Structures are given as C-alpha cells and as structure tokens.
Amino acid sequence: MKEDTCLQAALLCLGVLCYSHALAAEKPNRTRPALHGHRERGKEGQVLHRSKRGWVWNQFFVIEEYTGPDPVLVGRLHSDIDSGDGNIKYILSGEGAGIIFVIDDKSGNIHATKTLDREERAQYTLTAQAVDRNTNRPLEPPSEFIVKVQDINDNPPEFLHENYHANVPERSNVGTSVIQVTASDADDPTYGNSAKLVYSILEGQPYFSVEAQTGIIRTALPNMDREAKEEYHVVIQAKDMGGHMGGLSGTTKVTITLTDVNDNPPKFPQSVYQMSVSEAAVPGEEVGRVKAKDPDIGENGLVAYSIIDGDGMDMFEITTDYETQEGVVKLKKLLDYETKKSYSLKVEAANVHIDPKFISNGPFKDTVTVKIAVEDADEPPVFLKPAYVFEVQENAASGTVVGKVHAKDPDAANSAIRYSIDRHTDLERYFSINAEDGNIKTIKALDREEMAWHNISVFAVEVYKQHQEAKVPVAIKVIDVNDNAPKFAAAYEAFVCENARSNQQFITISADDKDDSANGPRFIFSLPPEIIHNPNFTLRDNRDNTASVLVRREGFSRQKQDLYLLPIVISDGGVPPLSSTNTLTIRVCGCDSNGSLLSCNAEAYILNAGLSTGALIAILACIVILLVIVVLFVTLKRQKKEPLIVFEEEDVRENIITYDDEGGGEEDTEAFDIATLQNPDGINGFIPRKDIKPEYQYMPRPGLRPAPNSVDVDDFINTRIQEADNDPTAPPYDSIQIYGYEGRGSVAGSLSSLESATTDSDLDYDYLQNWGPRFKKLADLYGSKDTFDDDS
C-alpha cells in the first residue's frame, strides 16, 4: 500500500510538470487578438489594425485522485484586452462551475476544489467569458472549453465472478479447454497501460494452465484420473500495467471437477462365493448376493449379472439390484437335499455402457464362481398322489376295503408315518383307516341313493414329529347296485266313463327308479299272471318306459261298482332285475256323449236321471241344512236336562243322586213331613227315576199322604222305607238321597254352630222329648242344660 501511494505521488508530480511544460510551450504559439483600437507595432514599426479580438486555448487537464493540501490549478484564462488594471472580470459557468471548479475573476486562474475520479466522470464542459467589471458588459463572446480528468492506475482488475465452477472429462488430452475467466479494469484503456491485463495461474499447477491474454484455462497433464482425484482448486490472477511491476491485480477461484468416463472394468473382490439354502425354500426366495466393484459412477458404473455356466443353471437365477449394484441369486425350482446337496454357478458381471474410446482398456467384465450348499430341512410327509379316487359298491358289508393311501417321509431319517381321517369330513363315520398301512375300510353300509360321493381328507403324521403332517383329499364313489324296484312315477288315479268303448285308452302311466340309469330303465309293464285275462281292463307296454291302460269291455255301472283296483307289475332293466306291484285306482264316472266327465258319485243313481247338475247340488244343500237343524235341536235339548247320575256307565246301585235341595232346618214347621223336604215343584206329580228307564208308569198307592206333625217320626220313616222298597221308580235302598231344598221357616233356627260360639240361645227344646226314642240323645243333650240351670 505504501508503494502504491508513493507511485501515485510520483505520477502526480510528473503530470504537473508535463502540464506546466505544455502551457509554456503553448504560450509562444497562442494567438492573442487585441481589443478594438489597439495598435501593435510590427518588426519594421508598421502599425497593424485588427477588426476582432478573441481567445483560443486547448483542453485543460487535471489529474484524478489528487489529494494535495491546496486546490489544484487547472489552468488560466486571459484575454489580450486585459491590461492588468482590474477592469476585466472573468466569469466561469458550466458543469461543476462554482462547486468543483472556481475561477479567480481578476487573474482568470481556475482551480479544482475537490478530488476528481475519472471512473466517475472523465471530463467537464465549461464556458468562460470576460466582462467589464463595472458595467458587466461582455468584452468578448463566451468561449467553451473542456477540462479532462487525466487517468491514473487507481483501480485493480476485477473478475466477473468470485468463484467459477467447471467440469472436464477425466483422461482428457493436454490443452483441452476447461473454462474462460474474464476480468475488467475501471481505468482508462486508452491512456497508458492502466487497463492492460495479463492472466496468470497462482494455484493449480501442474494440472492446469491459463492463457495470459484470454484467460482460457486448459488441461496441462495427460490422463488425469477421476478415481485418483476428482476435484481441483485453481487460483487465477489478472494484473494490469501489462503485468509489469507496479501494476494492480485481482484473483478468482475456479473449482474444476473431473467427470467420469467408463475407463474401468468391473472386478469381483474374490474369486469364489459360498452360499447355502434350505431345501424347504420356495422358488423366488433369495439365496445370496455377489458384487463386482466398478470405480466408475453413474451409467459408467452400471453392472449387469448373468449365469453363464454351472450345474445349477436350471435351479437358480440371478438378477441385478441397480440401487446397490449387486447380483441377487434366487431360487428358481424346488430343491431336494436327498437328491443333490450342492450346486456350482459361474456368474459374469459386465458393464452396461462401454465407451469406444477406452475399449483398449477392456474387457469390461469379470467372472466369479458361486458355490451353493443345500441344507437338509425337516419336511412333512409327502403323499404319492396329490389326490385319491376310490370306488365301492353300495350296501357293501362293514369292513370292505375301499382303497389305500400312502405317504413317505422325504427326509433322510425316513420316519414312520401314521394315518388318520379328518372327522370333520366324515361326520357320519362311514369309513375307518388303518393307522399303519393307510387302508381305508367301510364302517357301515353305504347307500348311493342317499349319497353318491363321499369326500374325506386323510392326515399323514410323522410318529416322532407330530407337528409334521400332510393332508390329502380322498374321493370315494359309491357304485350303484340294483336295490330299488321301480314304482309309479306319481300317485295315479284313473277315471273311466260308464259309456266307455272297448279298447279305449283312458290313462298313460310311467315309472321311476332311484337306482342309476344302468339299473333303471328300460321299464317293463305287465299285469299279474292271475289277472292276465282281466275282463274289465288290459295293459299295453309302449316300450318307451310308459304303459297305456285300456278298457276291455263296453259299459260300466256306478250302481253296481264304482271303484276298481288294478295291480300292475313294473320291472327294471337291472341285473338281476327288480320288480314291484303297484295298484292303480280306477273310478267309474258319468260322462256325456262327448266323453266329458260329469260326476263320479254313486248316489247320483237314486235321483231322477233327468235332473241337471245344478238341481242335484241344490237338493244336496237342502239335505245338509236339514241335518244341521236337527243336530242343533238335539244338542240344545240335551243341554236343558240335568243328569242325575254322574257316571252313566257305572252300576246303578253305586250311584249318588244329587237333587241340589237343602233339607229343612230348625225353623221348618213341617220338619216331620218328608214331603216338605222334596222339591215343591214335584210334590203333586210323579218324579221318575233318573238312573234307569222304567218299563211302566208307576202310580202312587192311594191313601198315602203326608202324616201330620203329631205322627211318630219313627213310624213315619218306616212307612217311607217300605214305600221306597216297593216303588220300582224310587232310588235303590242302598242309594243316598240328598234333599237340597230348605224349608221356608223353622222355629228352631239354624243348626249351624257358627253363631253358637258367640251368642246364647233362648229357645225351648222341650219338644224334643216328644220325638221318640231315636231323638232321646238329642233331647237329653239340650234338656240337660235346662236342668243344670234349674239346679243351680
């Protein structure tokens, strides 16, 4: 910095000297026009007269960046008419006048009051004029002049970018252009060497170089390898003054990256890879990975893998994982440890994209050996067939062998196998299996008509490793046996007209057989041998599994017989054939002349043949209505009668007859008249027995009348007993009669003891003494109370 300041001061002094010298040189040559009326003598004393005075000057110069203590003298304006008496006044106007440039109005000296920068403004245009100081009258016309700012080397070169980034392919030839850097200098390129730049490389040798005049960076070494070094940092300098000492400089950084080219083949890091896989692995399962290293990147480093040789080419395959650039070995087919325990593969890795420029570096591929060991796995049993189909006849005896399944242990240990049936597939338990040899047998008889196929599943389990099991489907077909005789296909009911003609067909029948078609049709229809010559009907086999029934004679009578039963024998086509006898019901019906059915009821014969069907229906409806009325009348009449005997089917001597009448109480004044205990409604009339039906009407004997109250009760009862014994319409002697009728009044009051516990009776019971010996106990009971009272 100190050197730069000294340099600027020296240049400034040099400029001032040059400027003073230029002014001195100009003075003798400047034309100074005189004012009007001014005379100038010539060399020979001749007076010359000029019609016009003026001033002419060259450009003024001022050095930029001057930092001296006094204002810089730019120049001096002077007019020839100025006699130095101070009457002329100089005026300066224009760009920067009074601010940057000031003029002494007496002497005309112009000074720069501020430091000027050429890079900010290179020149100023000013106007000078000389006027009379007193009157301000212009003495000369205005004159324009230019002040130029003279350049000094005060600006260093500057690059367009502080940092540059560039790429160049690796292994490029020497002199390959990488990038061009450009710098600029703010100094005046037309004045001296201040803006003349020279480029040089400060860092980055010996790999790169730069052209001094253009700034183009080029490679300087051959076969630069990206894999050895990918990035370089280069520093470029730009210096003005043509690169000479004292010039200013600037620098920039350039980051140069070597781009990749496919100049390296892939290479396996080892010659043999060892892998293993279980025999239980499924196709598509990954076995292992191999990787060939390629230092190239991008598409230049892409590697494709393939199997080119080996005894495992059919069992394994290899694919490329482009994210990791690995070869993935996968299983292609199922393995069997017992068959082959190891495999060998030869795997090749090759570049996908090859650069022809570097083909001489090839070949761009490599190979490696992959050895794969098969590991033994504990496998479940394997059936010899994926499915079994057996056949067995229906109705076969229990224990019949259906078939045999067989499984084996694929492992080298060859464990023993046990068999069982999945009972979820044989819920009815039709079959059993021998756990040792796998023989399937029937447990009970099979019926093809009930189930034609049985689908079961059989398990095979290792004895010592029961978690290892296999399952196989077994389909069992039940073969048909002719064990079902044919029958009518429907419940046939035939109708034949009374006026049917001989050999007239009136119904066609068919048959059905539950057996298979081999044991079913064709059906043969016939009549039993005992009625082969049936006089009424005959049968014709149509030989298409149907038969027609025909009338053998003319005319039938519903009055004589309205229903016929015709047995028909049906045989099937099985071996041996089965047959059954089916009965066809044939009704005789009345038909019109066209054979249309009218009626099949036999009762129609007792009616007038001339009645129509509507009339017959009306008559039948009337009969039904009359029957309903009669039934209702009888029912209502029975409901009014009350049965005397509860169980009519029992012996009459054991019956209990209930009259629903209560006997007389103590208040009954006619208590000794048995007639008063009877139902008043039947006193004056004869009441017949209800348990038997009398054969004759019994009339009561005359002279028997109710006894008065004075009659002895004992005699009264004996009389009534004798009457009952001789009365065939009276209840039997050992029957119990209940008189439910209560008298209309009684002085004794109620016989109930409900009130006797709380109230005392004031009645007189002395009359009990007159009732005879049978009531003595009662008289003593009530009379004792009175006696006791009297005694007390």
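**Surface patches and salt bridges in a predicted model**

Ile619 has a relative accessible area of 35%, so this residue counts as partly exposed. Ile619 belongs to helix H2, which runs over residues 613-640.

The accessible surface of the protein amounts to about 48,400 Å². Carbon and sulfur atoms hold 52% of that surface. Contacts can also be sorted by distance along the sequence. Among contacts with a separation of 6 or more, 66% are between residues 24 or more positions apart.

The surface also carries charge. Glu428, Asp447, Glu450 and Asp483 form a negative patch. One of these residues, Asp483, sits in the loop that links strand E34 (469-479) to strand E35 (487-488). With a relative accessible area of 30%, Asp483 is partly exposed, because that class covers values between under 20%, which is buried, and over 50%, which is exposed.

Other charged residues are paired. Side chains of opposite charge can pair when their charged atoms come close. The count of salt bridges in this model is 21. In one of them, Arg226 and Asp260 meet through their side chains, with N and O 3.0 Å apart. Arg226 is in the loop between strand E16 (216-219) and strand E17 (231-239), while Asp260 is in the loop between strand E18 (249-259) and strand E19 (272-278); the pair therefore ties together parts that lie 34 residues apart in sequence. Both Arg226 and Asp260 are buried.

A second salt bridge joins Arg418 to Glu436, and here the closest N and O atoms are 3.2 Å apart. Arg418 is part of strand E30, and Glu436 falls in the loop between E31 and strand E32 (439-442), so this pair links parts 18 residues apart in sequence. Arg418 is partly exposed, because its relative accessibility is 32%.

Is Asp426 buried or exposed? Its relative accessibility is 3%, so Asp426 counts as buried. Leaving aside residues up to four places away in sequence, Asp426 touches Ile421, Phe431 and Ile456. The side chain of Asp426 also forms a salt bridge with that of Arg423, at 2.8 Å from N to O. The two partners are placed in separate classes: Asp426 is buried at 3% relative accessible area, whereas Arg423, at 25%, is partly exposed.

Arg226 and Asp260 belong to one network with Glu227 and Glu230, joined by salt bridges that share partners.

Notes
Residues are numbered from 1 along each chain as its sequence is written. This is a predicted model: local features need pLDDT of at least 70, side-chain atom pairs count only at pLDDT 80 or more; totals for chains, interfaces and linings use all residues. Side-chain values use heavy atoms; hydrogens and water are left out. Patches are made of residues with over 30% relative accessible area and no salt bridge: like charges are joined within 9 Å, nonpolar side chains (Val, Leu, Ile, Met, Phe, Trp, Tyr) within 5 Å. Accessible areas come from the Shrake-Rupley method with a 1.4 Å probe; for residues, only the protein chains shown count as cover. A salt bridge is a side-chain nitrogen of Lys or Arg within 4 Å of a carboxyl oxygen of Asp or Glu. Lys and Arg count as positive and Asp and Glu as negative; His and the chain ends are not counted. The place of a charge is taken as NZ of Lys, CZ of Arg, CG of Asp or CD of Glu. Helices (H or I, at least four residues) and strands (E, at least two) are DSSP runs, numbered from the N terminus. Buried means under 20% relative accessible area, exposed over 50%, partly exposed in between (1.4 Å probe, protein chains only). Contact means heavy atoms within 4.5 Å.
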